[in-house]
Amino acid sequence: MRFMLTLIGPEGGWEDITPEQMADEMKNWERFGKEAVEAGAFIAGDGLQPTSAGKTVRGGRDEERVVTDGPFAETKEQVGGFYLLECKDMDEALEWAMKVPIRGGAIEVRPVMDYAEYGYEDPAQAGATPAKP
Amino acid sequence: MKYVLALISEEGGTSMEDAGPEEAKTVMDRWDAYTREAVDNGAFIAGEALQPSPTATTVRIKEGEEPVVTDGPFAESKEQLGGFYLFECKDLDEALEYAKKIPFQDGTVEVRPVMDFTDLGYPDYTPGPVKATA
């Protein structure tokens, strides 16, 4: 079963960080990623650039889409990255969430859609990440 | 450059649970066609639909403190993250073209470039073996 770990926290704070501190921070993330890969849990994951680098598209299929600068919600805490992990259940996903080396913030853990319920053997048939990426 | 398209919309109403089998198939076919195009173009890296936000558990973390686990999503808002795509695009404009084609009935797509670790002095850093699967 796949779980999405959404990493949410205050933006910025590392602009004034020294190269040594940055190296330490990065080591923590490297270690987490490596552990998830070696455990066979890692499917995908990325850190995101600040919300100021993004744009938001509003609207639907039969509507005009409107593009604005910045994030969907102008909140202090923003999504900063995500992991998509293969776990046997929510408890295992929460174990991974506890280990995410975020300094302060929240991890929202959500199961992905059960594509088999809709008759798809491989998630790729439903337009999702293939079973074996 | 990799871009995340975060799909945000009101929960319920358009949910697959309420849809009849034919309606559900029509909706799934639209998403399937959308993804297939992204795969054929070599843009698709990953993407998932998420279960509704009540299935979420949130872990609050503060350095030096015990993590706090609560049921439900991070924000109890009417609009919630419902899924995402991770695409390889040449620039933000191309990512926005994909965002505009999302077969949403109604919703919002937040498009964000992923972090460039080369800029931070880590050209070799990768969070994992993510490669285009196309």
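The model is predicted.

**Chain B**

Chain B contains two helices and six strands, and from the N terminus its elements follow the order β-α-β-β-β-β-α-β. Of the 134 residues in chain B, 40% are buried. Among contacts in chain B with a separation of 6 or more, 73% are between residues 24 or more positions apart.

Helix α1(B) covers residues 21-40. At 1.5 Å a residue, its 20 residues should span 28 Å, and the end C-alpha atoms are 28 Å apart, which agrees. The buried residues of this helix are M28(B), T35(B) and A38(B). Viewed down the axis of α1(B), the buried residues lie within an arc of 75 degrees, so they line one face of the helix. Exposed residues on the other side of α1(B) are E22(B), E23(B), T26(B), D29(B), A33(B) and D40(B). The cover over the buried residues of α1(B) includes β2 (44-49), β5 (79-88) and α2 (92-101) of chain B. Just after the helix, G42(B) adopts a positive phi of about 80 degrees.

Strand β2(B), which belongs to that cover, is itself mostly covered, with six of its six residues buried. It pairs with β5(B) in the antiparallel sense, and G47(B) stands opposite Y85(B) of β5(B).

**The contact between the chains**

In the contact between the two chains, 57 residues of chain A meet 58 residues of chain B. On the side of chain A that touches chain B, the elements giving two or more residues include β1 (2-10), α1 (19-38) and β6 (104-111) of chain A. The largest share of that side, eight residues, is supplied by β6(A). By class, the side of chain A that touches chain B has 34 nonpolar, 13 polar and ten charged residues.

Strand pairing also crosses between the chains: β3(A) and β6(B), residues 107-113, run antiparallel. Within β6(B), T108(B) is the bridge partner of R58(A). The two strand pairings described here are set out below.

**The nonpolar core**

The largest nonpolar core has 69 residues, and those with the most contacts inside it are L5(A), L85(A), I107(A), L5(B) and F87(B). Strand β1(B), residues 2-10, provides the largest share of this core, six residues. Leaving aside neighbours within four places in sequence, L5(B) is in contact with F84(B), Y85(B), F87(B), A95(B), Y98(B), A99(B), V109(B) and V111(B).

Technical notes
Residues are numbered from 1 along each chain as its sequence is written. Chains are lettered from A and ligands numbered from 1 in the order in which they are written. This is a predicted model: local features need pLDDT of at least 70, side-chain atom pairs count only at pLDDT 80 or more; totals for chains, interfaces and linings use all residues. Helices (H or I, at least four residues) and strands (E, at least two) are DSSP runs, numbered from the N terminus. The expected span of a helix is 1.5 Å times one less than its number of residues. A residue is buried if 20 or more other C-beta atoms lie within 10 Å of its own, exposed if 12 or fewer, and partly exposed in between; C-beta atoms are placed from the backbone. The arc is that of the directions from the helix axis to the C-beta atoms. Two residues are in contact if their C-beta atoms, placed from the backbone, lie within 7 Å. Ala, Val, Leu, Ile, Met, Phe, Trp, Tyr, Cys and Pro count as nonpolar, Asp, Glu, Lys and Arg as charged, and the others, Gly among them, as polar. Two strands pair if DSSP finds at least two bridges between them. A nonpolar core is a set of buried Ala, Val, Leu, Ile, Met, Phe, Trp, Tyr and Cys residues joined through C-beta atoms within 7 Å.
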